[in-house]
Amino acid sequence: MIKEDVNGIFFSMDITLGLIPLIILILTIANTNIDYTDSYLEKQYFQKAQDTAELMSTYTEHDDQTLFQKVSSALSENRDKRIGISIARNITSPFLGRTIGNMKYRLEEINYLKGSEIVSNGDIKKAKNVGVAVKCYGNYLFKLYVWQ
């Protein structure tokens with residue numbers, strides 16, 4: 001006598017139904033587009049900001065003062081902060097224009113002047129990816145933003 005097994009069909013259907021969520025998950029992951037462009041740009045902008053801020057803290061001209069030393073002196077020697085910022089802008093603007101090139105930038109002092117802009121050549125509110133560097137000289141804390 002041959003015994004008929006009727007449980008096999010239910011076992012096959014159970015496995016098939018169990019594989020459906022797994023197949024859906026695999027198809028979802030396979031169709032996901034991962035865009036690495038933003039993270040690459042963020043890294044590039046961050047590196048550009050760091051390199052530029054480092055140059056500003058080490059670059060000297062004829063008087064053996066770094067740019068941040070000159071800017072700090074200009075800000076501390078003038079009681080009127082607008083005049084100090086104007087002198088600091090005249091010191092940093094040519095250097096940043098040469099160093100950063102066609103990128104946008106904003107340099108501000110965030111400790112003593114509470115985030116006052118020293119120099120800028122673009123609107124940071126429109127920027128999607130921004131690189132940031134922070135350097136300290138004396139009582140002043142400078143923050144440099146770089147973006148495209």
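Which residues have the most contacts inside the largest nonpolar core?

## The nonpolar core

The largest nonpolar core has 24 residues, and those with the most contacts inside it are M56, L75, L96, L107, I118, F142 and L144. Such a core is a set of buried Ala, Val, Leu, Ile, Met, Phe, Trp, Tyr and Cys residues joined through side-chain atoms within 4.5 Å, where buried means under 20% relative accessible area, exposed over 50% and partly exposed in between, with a 1.4 Å probe and protein chains only. At least two residues of this core come from each of α2 (37-58), α3 (67-77), α4 (81-100), β1 (104-109), β2 (116-120) and β4, and α4 gives the most, with 5 residues. Helices (H or I, at least four residues) and strands (E, at least two) are DSSP runs, numbered from the N terminus.

In soluble globular proteins, nonpolar side chains tend to be buried together.

## Basis of the model

This is a predicted model, in which local features need pLDDT of at least 70 and side-chain atom pairs count only at pLDDT 80 or more, while totals for chains, interfaces and linings use all residues. Residues are numbered from 1 along each chain as its sequence is written, and side-chain values use heavy atoms, with hydrogens and water left out.

## Y140 in strand β4

Y140 lies in strand β4 (residues 140-147) and is buried, with a relative accessible area of 7%. Beyond its neighbours within four places in sequence, Y140 is in contact (heavy atoms within 4.5 Å) with S72, L75, S76, E109, Y112 and K135. Although Y140 and E109 are 31 residues apart in sequence, their C-alpha atoms are 6.5 Å apart in space.
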